[in-house]
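Colleague: I would like to learn how to read a model of this kind, one feature at a time. Could you give me the general idea first and then the case at hand?

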Amino acid sequence: MKKDFIKISSKKFRSRLIVGTGKYKNFIECSKAVKASGAEIVTVAVRRVNISDKKKPILMDYIDPKKITYLPNTAGCFSSNEALRTLRLAREIGGWRLVKLEVLGDKKSLLPDMIETLKSTEVLSKEGFKVMVYCNDDPLMAKRLENAGAVAIMPLAAPIGSGLGIQNYTNIKIIRNQTKLPLIIDAGIGEASDATIAMELGCDGVLINSAIAQAKKPIEMALAMKYAVIAGRKSYLSGRIKKNLMGLASTTKKGII
Amino acid sequence: MKIIKKIKINLNGKKLFIAKGTSVYSFIKRNKLQPNKIAIELNKEIIDKKKINKIFLKNNDKIEIVHFIGGG
């Protein structure tokens, strides 16, 4: 079998699991979990430096951006302007062009504001960013994002951090059928089987943060997610059997005594 | 005794007094920050890190310095 890569923009990745770096107890646990997950891309946030505590450890000392692709994310942005400012700053840190856009619309549900998201996608694409877009599981909006220049469509499984798993199988399948862009489930994964289902629906990848970082054993869960994504991908590519209402024996009747 | 003139700047939302004639580069170095790990916004404009030794902080300047942290 040909090597199975996920191609985002012009870059190929072997791992189809992207992991977030938030909510861990400390950077050591975070870097161990990233390693266990086998992820080649991690999401990171942009925040003010802490001048008063100069010895405070920083993420870059634990996860080497030369080895793991940093995907700057606009987590916590509630308007197009905030998101644009954040990603322009991220680019300035070290030339990052591949970014994840996330514009939230509601502080309680953390659901995305798709009007602001669409506006930002258009602006960022024109500025030369390669934008992976967090969005609702809405096929029509996904199409608009694609037309606006998105390089990956990232619909939610369920609200961020909810751990509810995929809520709308049908919409995810419709999005899968309509786009050739990488389709990556982002947000709402709760356990390994959720990640497998996402891959079995034909998604190209899964992005997970809370389900790993907040698990009782984050490093073990990172490993579970790695295998879950591989299992789902292989299952999808191998072609499942037809569903039957009645039983079909797996042993021949020939030679029966 | 040489009198060092101070200016008031706003760093990441907090007031700060620094010596007049401080370049952005020396300000960053003094705060033990590595230019390749940060981005700087001066009065809401992102500044080119290659030019920071030629940019001097003025009274009432607003400077934002950001870096990457863990995030989802």
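Modeller: Let us begin with contacts: two residues are in contact if their C-beta atoms, placed from the backbone, lie within 7 Å. In chain A, residues 24 or more positions apart account for 63% of the contacts with a separation of 6 or more. Please keep in mind that this is a predicted model, in which local features need pLDDT of at least 70 and side-chain atom pairs count only at pLDDT 80 or more, while totals for chains, interfaces and linings use all residues. Residues are numbered from 1 along each chain as its sequence is written, and chains are lettered from A and ligands numbered from 1 in the order in which they are written.

Colleague: What radius of gyration does chain A have, and why does that agree with a compact globule?

Modeller: The radius is taken over C-alpha atoms, and the globule rule is 2.2 Å times the number of residues to the power 0.38. Because chain A has 257 residues, a compact globule would have a radius near 18 Å, and the 20 Å of chain A agrees with this.

Colleague: How many helices and strands does chain A have?

Modeller: Helices (H or I, at least four residues) and strands (E, at least two) are DSSP runs, numbered from the N terminus. Chain A has 8 helices and 10 strands.

Colleague: Which residues of helix α8(A) are buried?

Modeller: A residue is buried if 20 or more other C-beta atoms lie within 10 Å of its own, exposed if 12 or fewer, and partly exposed in between. Of the 257 residues of chain A, 46% count as buried, and in α8(A) the buried residues include M221(A), M225(A), A228(A), V229(A) and G232(A). The buried residues of α8(A) pack against β3, α1, α6, β10 and α7 of chain A. After α8(A) comes G239(A), whose phi is positive, near 80 degrees.

Colleague: Which residues does A195(A) touch?

Modeller: Leaving aside residues up to four places away in sequence, A195(A) touches I189(A), V206(A), I208(A), M225(A), A228(A), V229(A) and G232(A).

Colleague: How many residues of chain A are in contact with chain B?

Modeller: There are 29 residues of chain A in contact with 20 residues of chain B, and β4(A) gives the most to that side of chain A, with 6 residues. Two strands pair if DSSP finds at least two bridges between them; here 5 bridges join β4(A) to β5(B), and the two strands run antiparallel. R48(A) stands opposite V66(B) in β5(B).
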